[in-house]
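Colleague: Hi! Could you walk me through this one? I have a few quick questions.

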Amino acid sequence: MATNFLPVLSAADVQRATELIQQAYAPQNHLSSEDQRRLQQELFEIQKRQEAWGLVLPFLYHDDPNVQFFGAHTIQVKTTRDWEGFPQEHALQLRDMVVDLTGRLIAAGRSKVILRKLFVAITSLALKLCPGTPSRWPDWLTYCVNTMSSLGGTTEHILDFLAIVAEEVETADLLPPSKGQMQRTLLEFVPTVVQAMSACIAGPQSQSSPHEMISALKCMQAWLGMMPANDLTPLIPALIALLNPIDGEYREDAFVLASDTFQEIMAKSALSDGSGTKTLTEPLLLWSDAHGRKIIEATLNGELLVALGEHSTLYLAANIASLKVVSPSPPPPLPTTLPSPILPTKSHLVQTFLRLILAYTALPGYYAVDEEESELTLGFWYLFQEALWSAEYEQDFEYTDGEAVGAPGGTLKEEQAHFRVAKAVYSELVQILRRKVVWPNPVALRGWPRDQKEKFQVYRRDVGDTLVNAYYILRDDLLGFYVNDILERLASRQEHDGWEEIEGSLHCIMAVQEAVPIESNLHLTRLFGPDVLGRLPVSKGDRIRRTALSLIGSYASWFTKQSEQSGSALLMNSVSYVVSALPDPSLCLPAANALRDLCDANREALAPHIGAFAELHATLSGIPESEQSKVLQSIASVIQALPPADAIPPIEAIVNPVVQKLYNALQTSQELPDEARIIALQQLETISGVARGLTRSTDSLLIFDDAPEVQEEARQMRLAREDPRMVKLRDAILDGIRRIVGLWSTDASVCDALSEVFKAITSLPSDVTLLSLPPGPLLEVICLASQKQLTAVWLSLATMLIIQLDPPTLVPTTFKPIPGGEADGIVLSVLAILLQTALSFLGQPGTMEANPDIVQSFFSCMDTIAQHFITTFYRLPSDLFNALMQCAITSVGLQERYSLVSACSFLSSLINRTCTTDELSEAKIMLAQTHGRSIIKVIMSGFAGMAPRTATQNLIELLSVFVTRFPAETRTWMTDVLHAEDFAQSRATVEAKEKFVKTIFGSRSVKRIREAAQQFTLVARGLEGTSFGYSSMTM
């Protein structure tokens, strides 16, 4: 084995590296973390030298296993990362040396950890030498296997090597042609791999070497993606045999590995996605028929059953009631448990399998405490339900490995049998899941650690998703089962009995709400009537009361479609139950949420009961302050259903006390600043809730403004808003907001609370309420707050309010209408103040880089103004406008993506709107002459590497705007910028730059601009020809 071509490292350096390893990794040396890092760094400095190839042989033949490991590690790292520095004239000699060395070390009995690194090094060499024309190593797999075998490599080691080969080739970062060439070398070797694996797993378990079998199965898992179905199917009988017991005992290691292999086959191989019904599905169903129950009893790897179910859902659904006899290929040896040699029907196998899945779902005990496997089946029941729906059309087909062949004789009777069995399966499932979601009694629950409680809670939510799928099969039968279960338990309940079982049923009913139609339902009528809801506890029993409250809230919209008489009684029954829980601190949150949902969905039905809500308001002091805002929002939702004039007194009644509390807090802000701020926050939250409640639930875009009833409603609202009481109330709220901004506008929690108020209390003209505030005064408040401290919150609110000054129309028009003069004046004033404030703040060194959220929100606001009020920019002082443009150009040159993207979007909108507005023709010329070249320069610099790759598409879009709007000027600017001496350093040659410009202006289509810019970006960044470069450009 010639090695004189390797770079040489001095004997002293080799000795020093050996000592470093032994000092750093000897178990008897107790080093500090600092000493450990120092030794590792010194070793790393030696390893990264070009001469470090000389460490390989001395290390690998050293007596110390730690040193041997670093020998293997060094050659792996060198072949992977330092290949460019290795003399290429010696590449084939290196190849021969590494393969020969690996074979000799296999024979010497080196550990698998060391051999694995050598296998990776060999594969790395193949990835360098094999691709290309002509290939420098075309038969690399045959060469490696033959060499290792001739030097004493066993089948076990050869299979380990082949497994690593498949893993490394699959994850290799190669261009598609090279990757394809490597994969073809593997495909050509598949028959040899299959032969080696078959020899290890096809014999009797008792005679096969456990290590060989493990290596064979792991190798199979690695090669599955490349194995055609006809090479894979002959191995399946041998794999099934590994699942069988020997002398009545399952060999767990063989069983687990075979199970894992089958899971990989069903997920990633040519037989995935339901393929191989004759060769895979039916043989495994026969096996599960014979052994499945024992597997579950032994709590062995049940994941195999779940994987089979998820793989074969269509087969299971189509044959759930089929009387045809299975005909697997090849016919397996019949299990001894079958009483006769007659093969069973498909329905027998399917139904037996479903019983096994049900049994696995119903594993005894509590999930997360006694077992953690039952949740594995939940995904299957979703897939099976989907397949059952498809099976209504596919049941008359006989599935084969390649296609579905029509089978005659599908009848209504067969359909009914199919559906009857499916309902029976899901009926059993919902009973099992009800039992599994029941909490233990309080005494037992106290012994659970917190993480087990959280896992069980998550499991209950996941079960809820599965119950939705069950509802689609059972429909009302599911609700009937749970409601009847509750009624039976209530009828037999003793005073000392707990509520856990009934709570479990309520949870299940709540879980399926999203699937239940909003229509009359006898079972829900009984549930929300006196028979069930009227008998649930109204004191103690926090868990069942919490679940009942959540149940009522989730079904809030169901009450809207009930008959007026019975529905009103059910609704008020539910409202009463909810209200009774409001004073309880532990239940006020779900109770307030439920009341809010009920009132929001049933405004008109509850409006006649406004008196009852007045009584609720009178008892507000008995409700925890944290939830009072939701209660008032609920009351406001009912008030919204009243005629506007009738709504004035109740609005005064609920809002005036809130405003008064707010003013009281403001008056004490000097003496008790913290307490005053907390009270102010609570009142702001309440005002937000009331404003949201008064907003109608119908989407205003679905209401036609010219309808007579809409016009009349708008007239009534206008008159009610002009009522002095409402004018005074709105002025008081606005004044309170101004005073809060004056005191606490720099406080983050106050900013967030004010943000919620602004969002709730403002609206488009079609959604105006009695409390709605106009955007103009609020924009003035935002300007004041921004001058104190500029934040993304204020800028985002300004964006929202500016849109309200130019509201969208229901029917879009060809030409965008110009906003009115008053709105234009407001925006101009706001724009000037925000620009002076923002540019002063962002102009400080490092500020833009440190505050990307503010930069993004600022340019989003400018973008909105450009789209709605473009002329205001050109009425600004020229120095202010130019400062804005310079700030935008600077932002496009930032490395932070969100800032760059928002600035690009603003510039695109500014240019497009300027060029399409007739009155701005002179401004268009000024914009191009003053700022065009600077913008093109920053775009070109971005392509060359100054901008993150993920923002390339945004730069391309901005460039497309310039090419479209200023074609001649842009060509001149691009040519000038690309060939300027101060252009960003890049790998782009003069020819590449000229080609870039020529390609773009050859057609000027958006597609060609994108392609040319992407290609130039790859060239300029030195990424041309790399898969990483192409993938990053096409993300």
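Colleague: Is glutamine 385 buried or exposed?
Modeller: Glutamine 385 is buried, because its relative accessible area is 0%. Do keep in mind that this is a predicted model.

Colleague: Good to know. Where is glutamine 385 found, and what is glutamine 385 in contact with?
Modeller: Glutamine 385 sits in helix H18, residues 378-394. If you leave aside neighbours within four places in sequence, its contacts are Tyr426, Asn469, Tyr472 and Ile473.

Colleague: Thanks! Switching topic: how many residues does the largest nonpolar core have?
Modeller: That core has 335 residues, and Trp223 and Phe873 have the most contacts inside it.

Colleague: Which residues does tryptophan 223 touch?
Modeller: Not counting residues up to four places away in sequence, tryptophan 223 touches Leu141, Leu162, Ala163, Ala166, Leu186, Phe189, Val190 and Val193. Another core, of 14 residues, lies apart from the largest one, and its members include Leu43, Ala52, Leu55 and Phe70. As a general point, nonpolar side chains tend to be buried together in soluble globular proteins.

Colleague: Nice. What about valine 690, buried or exposed?
Modeller: Buried, since the relative accessible area of valine 690 is 2%, under the 20% cut-off. Valine 690 belongs to helix H32, residues 673-694.

Colleague: And what does valine 690 touch?
Modeller: Beyond residues up to four places away in sequence, valine 690 touches Leu632, Gln633, Ala636, Ile654, Val655 and Leu771. Take leucine 771: valine 690 is 81 residues from it in sequence, yet the two are 8.9 Å apart in space, C-alpha to C-alpha.

Colleague: On to helices. At what angle do H33 and H34 pack?
Modeller: Helix H33 (residues 708-722) and helix H34 (residues 724-744) pack at about 70°, and their axes are 5 Å apart. The angle therefore makes H33 roughly perpendicular to H34.

Colleague: Which residues make that contact?
Modeller: H33 brings Ala720, Arg721 and Glu722, while H34 brings Pro724, Met726, Val727 and Arg730. By type, the residues of this contact are four nonpolar, no polar and three charged.

Colleague: Which residues of H26 are buried, and which helices do they pack against?
Modeller: The buried residues of H26 are Gly567, Leu570, Leu571, Met572, Ser574, Val575, Tyr577, Val578 and Ala581. They pack against helices H24 (522-527), H25 (542-554), H27 (588-601), H28 (603-606) and H29 (610-618).

Conventions
Residues are numbered from 1 along each chain as its sequence is written. This is a predicted model: local features need pLDDT of at least 70, side-chain atom pairs count only at pLDDT 80 or more; totals for chains, interfaces and linings use all residues. Side-chain values use heavy atoms; hydrogens and water are left out. Axes are lines fitted to C-alpha atoms, for helices over the stretch in contact, and angles run from 0 to 180 degrees between N-to-C directions. Helices (H or I, at least four residues) and strands (E, at least two) are DSSP runs, numbered from the N terminus. Angles under 35 degrees count as roughly parallel, over 145 as roughly antiparallel, 65 to 115 as roughly perpendicular and the rest as oblique. Contact means heavy atoms within 4.5 Å. Ala, Val, Leu, Ile, Met, Phe, Trp, Tyr, Cys and Pro count as nonpolar, Asp, Glu, Lys and Arg as charged, and the others, Gly among them, as polar. Buried means under 20% relative accessible area, exposed over 50%, partly exposed in between (1.4 Å probe, protein chains only). A nonpolar core is a set of buried Ala, Val, Leu, Ile, Met, Phe, Trp, Tyr and Cys residues joined through side-chain atoms within 4.5 Å.
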